[in-house]
Amino acid sequence: VSCLLIKQCNFCVVGLQKLFNMDTWQVPTDPTTEIAVDPKEYIALAEKDLNSLSALCLAETMLFLFPEYFVIIWNIMRERVHLVRDFSKLAIGIPRGFAKTTLMKIWVVYCVLFTTKKCIIVCSHNVDHAINIILDVTSMLSHPNVERLFGDWRINLERDQATCKIFSFRGRKVIIGAIGAKGNIRGLNIGNSRPDIIIFEDFQDRKESESDIISTALYKEMLGTFMMAASPFGCMYIFVANMYPTTGSILKKLEENPDWI
């Protein structure tokens, strides 16, 4: 296949036209439009560019390009995720309402499509929030754009539970799991794989961060239990949270922890 049609939001087409050198592109009036791309070229572009991947899997909702701050965060994560037997720890602070959860959803899609990671676990202050994240991730993987370029991830679906998706895709078995902060991650071993990516997304809520006793206990549980469930062959830890101005904020604790970036 030398040419493939994919759907793009018109606002993103304007931003992406420079990447494709489409100086003569005329933006139509429809909310989205289909553009012809070379599959190999676009796959290579989506692998290295946050906005291109986002426009691919969120064509109808990706109205504007991500700001530079997000691109910088993205590139740091990309550099780290491909390291061998690495245990990078990244702490990311983004205010409420600035698409930090969306960024993490796109990141899981990236890890499924472009890395060798096998077991991705999303940990949130309650399991329902984590479930909603992996539900949206599978929705992105099911987008017609992604299916046209990479195939249907559901063909070799082995387990389809709210808290766990197991499927063979892109040459490996992939596990995406959801767990709450009060859940039991001790001894987690799914399909003979331990987590090689653990994302703490909204792991601590505002009320918990206002109590030194509760926040200290949660912090110790994160470091001593959740993070110890990782694969011995390497695991990337990402803690992304609102920037609470409270003394018990785990994000503040990680900022002072020399083991975290």
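Asn126 caps the N-terminal end of helix α6, with a side-chain oxygen 3.1 Å from the backbone nitrogen of Asp128; a polar contact here is a pair of N or O atoms within 3.5 Å, and within protein one must be able to donate a hydrogen and the other to accept it, while residues adjacent in sequence count only if both atoms are side-chain atoms. The model is predicted, with local features needing pLDDT of at least 70 and side-chain atom pairs pLDDT 80 or more, whereas totals for chains, interfaces and linings use all residues. Residues are numbered from 1 along each chain, and side-chain values use heavy atoms, leaving out hydrogens and water.

Helices (H or I, at least four residues) and strands (E, at least two) are DSSP runs, numbered from the N terminus. The 15 residues of α6 (residues 127-141) should span 21 Å at 1.5 Å a residue, and this agrees with the end C-alpha atoms being 21 Å apart; the expected span is 1.5 Å times one less than the number of residues. Among the buried residues of α6 are Ala130, Ile134, Val137 and Leu141, where buried means under 20% relative accessible area, exposed over 50% and partly exposed in between (1.4 Å probe, protein chains only).

Turning to charged pairs, the structure holds ten salt bridges, each a side-chain nitrogen of Lys or Arg within 4 Å of a carboxyl oxygen of Asp or Glu. One of them joins Lys100 and Asp202 (3.7 Å, N to O). This pair links distant parts of the chain, 102 residues apart, and both Lys100 and Asp202 are buried. Another joins Lys165 to Asp160 at 2.6 Å; Lys165 is buried at 8% relative accessibility, but Asp160 is exposed at 52%.
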